[in-house]
Amino acid sequence: MLTELSQAKPSISERALQASASGARYLAGLNDEQRTAIETVDGPVLVLAGAGTGKTRVLTSRIAHILAAGRAYPSQILAVTFTNKAAREMKERIGGYVGDAIEGMPWLGTFHSIGVRILRRHCELVDLKSGFTIIDTDDQIRLLKQVIEVENIDKDRWPARQLAGLIDDWKNRGLTPERVSKGEAFAFANGQGAKLYAAYQKRLKELNAADFGDLLLECLRLFQSHPDVLQDYHRRFKYILVDEYQDTNVAQYLWLRLLAQGSPNICCVGDDDQSIYGWRGAEVDNILKFEKDFPGATVIRLERNYRSTGHILAAASGVIAHNQGRLGKTLFTDDEDGNRVTVTGVWDDEEEARGISDDIENLGKAAEDLNEVAILLRASFQMRAFEDRFVTLGIPYRVIGGPRFYERQEIKDAIAYLETANNPLNDLKFERIVNVPKRGIGDTSVRKVRELARARGVPLFQAARDIVETEEIGGKARRSLAQLVRSFERWRNQIETQRHTAFAEMILDESGYTAMWQADKSPQAQSRLENLKELIRFMDEFETLAGFLEHVSLVMDTEQANDGQRVTLMTLHAAKGLEFDTVFLPGWEEGLFPHQRALDESGLAGLEEERRLAYVGLTRARRTAKVSFAQNRRTRGLYQSATASRFVDELPEDHIEIQQSQSPFGGSYSNFNNGFGNPYGASRFDEPAKRFESSYDTPGWQRAQSQWRRQGEKSRRGPKLIEGELVASSTAAQSSFSIGTRVHHQKFGFGEVVEVDGNKLTVEFEGNGRKRVVDTFVQAA
């Protein structure tokens with residue numbers, strides 16, 4: 001048992017330590033709210049730390065204060081964060097305050113690292129042995145494939161990666177196999193999800209292994225099954241501190257709640273307005289119900305911002321104020337108001353990329369540091385336009401959170417298909433996709449083709465065509481390779497007769513490549529499909545397939561130096577925690593931002609998370625924030641009208657500046673003829689949006705769309721509501737489901753259709769109430 005500090009009146013030495021702590025250097029330069037958050041060490045405390053308000057310093061100084069004041073030994077403090085980087089930074093800062101005492105803090109780390117530490121100490125109690133292995137994602141997929149095969153389930157119809165995603169979600173919610181409902185189990189292999197989950201867990205135990213989800217799930221099982229072990233940790237921890245509390249999932253929340261039963265001194269630091277990871281299990285409700293979970297809690301708001309100018313903060317606060325599910329705070333600064341947030345409407349996304357690139361080029365000429373310039377995007381497919389423009393202008397850039405557009409797996413695969421069709425002599429490209437998607441053409445078969453090609457001095461494609469006429473390879477591999485060869489020969493004959501965009505779509509569809517990603521249920525699959533669509537959309541700007549492939553070769557051949565200044569290109573999700581002098585925020589359009597999928601799948605909750613994402617984007621900027629949106633996006637050579645995001649019109653009037661596009665085609669031709677419309681006469685582009693119509697209409701949108709306002713055009717379709725909130729209209733075909741049909745949804749379970757509107761269904765779910773969903777996300781029960 002650990003030695004307890006005296007609970008009686010503090011001793012003379014303890015009071016001397018506290019007096020010393022009150023003048024410690026870690027308290028220097030703090031504002032009143034920060035100091036209160038650090039010195040309030042008794043009882044539950046929630047620190048609502050807005051963007052740029054010094055959250056990390058408060059958390060580390062609080063730990064230093066507890067140690068310096070003698071309130072606990074280093075080993076009696078549990079401090080939890082989300083990333084190893086954040087944990088290292090905390091240790092370094094605390095070490096700077098208290099010196100060697102930091103070495104005695106074994107319980108400062110990530111959720112997973114602390115979970116491993118606990119399981120190593122009690123592994124036998126959860127059916128593991130000492131030295132158990134933590135498997136990675138590849139091993140997890142491999143093991144699940146074995147489990148699926150044992151049950152004689154079609155692995156192509158029910159891929160292991162899909163099951164891995166479901167199991168990960170169940171573990172994030174603290175669900176063991178026996179606690180998975182029948183409705184949720186139905187999401188895989190016609191109701192066998194929970195059975196396969198149980199078989200997977202059994203196999204892990206046989207291998208003396210655990211996956212990342214087990215590191216917390218098994219801790220929960222340990223604490224719930226062995227109260228004596230939990231009580232030991234209750235005695236051990238006098239103080240519990242949690243960073244980024246708004247990002248905790250259900251399992252992390254339950255884990256913390258169990259440990260916090262032993263001490264009232266829990267402090268959670270977070271920002272409900274920056275909870276943007278709901279798609280990976282984060283529950284914003286955890287922070288919203290803190291006062292209910294811990295009665296008598298002290299809530300301290302850090303609202304003084306040390307990062308951004310006044311206009312940027314006011315703009316961000318104006319947008320986030322439209323959210324209902326928040327605890328409420330308003331950021332302010334003692335700094336100057338600075339520049340207003342600019343809002344620009346442009347003709348299309350290509351013009352948007354040109355305008356932003358020109359602005360960045362001018363910043364470079366003005367000797368601005370390009371490392372302090374960022375473009376933050378809602379979706380990765382938007383990067384293509386900017387990357388091509390940067391290469392053309394010679395602007396150095398970096399992509400954070402993933403590879404460059406043309407280096408992404410799905411783009412390289414698609415290019416390989418097109419290259420092979422255009423040039424069968426390209427062995428590297430043919431070998432890349434010969435078994436993508438999986439066709440049963442294994443390494444042995446490919447090696448035989450390669451050996452034949454070398455022996456005869458012919459390209460791989462020619463060797464493949466020859467070898468399928470022999471018995472060198474047999475069975476499925478031979479049939480699949482023969483079919484692939486015939487397909488490429490057929491495709492090659494159509495290069496001259498089909499438009500190259502339609503030709504590319506045909507190859508990706510007929511090869512099964514598009515279907516492969518459509519069947520993939522991982523979070524990245526939808527993004528990969530969007531990237532493929534963007535690739536084909538961009539092809540339309542070239543006259544021929546050969547011209548497009550030549551452009552790609554030149555772009556991919558461009559070297560990016562690892563040193564020197566570079567513009568940062570990244571998604572909004574990847575930008576959290578970062579800051580830049582100048583931030584560009586393109587693509588603020590309905591259906592893209594807020595993303596239509598978020599609205600369809602999560603309704604009002606999805607809309608509010610998208611709005612929090614907008615808030616995060618704006619608050620990354622120190623001095624300059626520039627918002628833009630396109631009126632049109634081109635698909636298959638045709639322009640489709642887009643509507644400005646509702647977030648544009650939620651920006652407060654006093655803190656924005658509307659800028660006209662540099663191009664005469666921006667702002668509904670407002671630069672032409674003194675604003676009297678299109679000088680080329682009436683056009684279908686002069687009419688309001690047809691594809692993504694919406695009755696959403698505010699003064700800001702009217703200003704940006706002055707031409708349409710003068711014409712007096714209005715959307716002919718009525719408003720669409722999701723849980724009472726207006727969203728972009730759907731123009732999809734009528735759903736095949738009818739009122740009264742019983743359906744199943746992966747998230748909401750079983751229910752009955754009560755209303756049909758296009759491809760949108762209103763379903764009364766058992767236990768989840770009435771929800772509005774897209775018909776493709778349900779199946780007949």
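## Salt bridges

A salt bridge is taken here as a side-chain nitrogen of Lys or Arg within 4 Å of a carboxyl oxygen of Asp or Glu, and by this rule the structure holds 54 salt bridges. The structure is a predicted model, in which local features need pLDDT of at least 70 and side-chain atom pairs count only at pLDDT 80 or more, while totals for chains, interfaces and linings use all residues. Residues are numbered from 1 along each chain as its sequence is written, and side-chain values use heavy atoms, with hydrogens and water left out.

Helices (H or I, at least four residues) and strands (E, at least two) are DSSP runs, numbered from the N terminus. Glu39 is partly exposed at 33% relative accessibility, and Arg35 is partly exposed at 31%.

## Bridges between separate elements

Lys576 and Glu244 meet through their side chains in a salt bridge of 3.1 Å, N to O. Because Lys576 lies in the loop between α27 (572–575) and β13 (580–585) and Glu244 in the loop between β6 (239–242) and α12 (250–260), the pair ties together parts that are 332 residues apart in sequence. Lys576 counts as buried at 15% relative accessibility, and Glu244 is buried with a relative accessible area of 18%.

A further salt bridge joins the side chains of Glu510 and Arg490 (2.7 Å, N to O). Glu510 belongs to helix α23 (residues 500–510) and Arg490 to helix α22 (residues 475–492), so this pair ties together parts that are 20 residues apart in sequence. Glu510 is partly exposed, with a relative accessible area of 43%, and Arg490 is partly exposed at 36%. Elsewhere, a network of salt bridges links Arg307, Glu368, Glu372, Glu579, Asp581, Arg622 and Arg623.

## Nonpolar cores

A nonpolar core is a set of buried Ala, Val, Leu, Ile, Met, Phe, Trp, Tyr and Cys residues joined through side-chain atoms within 4.5 Å. The largest such core has 51 residues, and those with the most contacts inside it are Phe430, Leu481, Phe488 and Phe548. Apart from this core lies another, of 42 residues, among them Leu78, Phe111, Val229 and Tyr245.

With contact meaning heavy atoms within 4.5 Å, Phe488 touches Tyr417, Thr420, Ala421, Phe430, Ile433 and Phe461, residues up to four places away in sequence not being counted.

## Aromatic residues

Rings of Phe, Tyr and Trp (its six-membered ring) pair if their centres lie within 6.5 Å, and planes under 30 degrees apart count as stacked, over 60 as edge-to-face and the rest as tilted. The structure holds 28 aromatic pairs, and one aromatic cluster is formed by Tyr417, Phe430, Phe461, Phe488, Trp491, Tyr513 and Trp517.

A charge sits over a ring if NZ of Lys or CZ of Arg is within 6 Å of the ring centre and within 35 degrees of the ring normal. The charged end of Arg492 sits over the ring of Phe461, 4.9 Å from its centre, and that of Arg257 sits over the ring of Phe294, 5.6 Å from its centre.

## Loops and backbone geometry

Arg326 is placed in the loop between α15 (310–320) and β9 (341–348). Leaving out residues up to four places away in sequence, Arg326 touches Asp272, Asp273, Leu288, Ile320 and Ala321, and a polar atom of the Arg326 side chain lies 3.1 Å from the backbone oxygen of Lys329.

The peptide bond from Val436 to Pro437 is cis, with omega near 0°, and Pro437 lies in the loop between α19 (427–433) and α20 (443–456). The bond from Phe593 to Pro594 is also cis, with omega near 10°, and Pro594 is found in the loop between β13 and α28 (596–618). Asn208, in the loop between α9 (193–206) and β5 (209–210), has a positive phi of about 55° although it is not a glycine, and Asn208 is buried at 15% relative accessible area. Ala367, in the loop between α16 (349–365) and β10 (373–377), has a positive phi near 65° and counts as exposed at 69% relative accessibility.

Conventions. Buried < 20%, exposed > 50% of the residue type's maximum accessible area, 1.4 Å probe, protein only. Polar contact = N/O pair within 3.5 Å; in protein donor to acceptor, adjacent residues only side chain to side chain.
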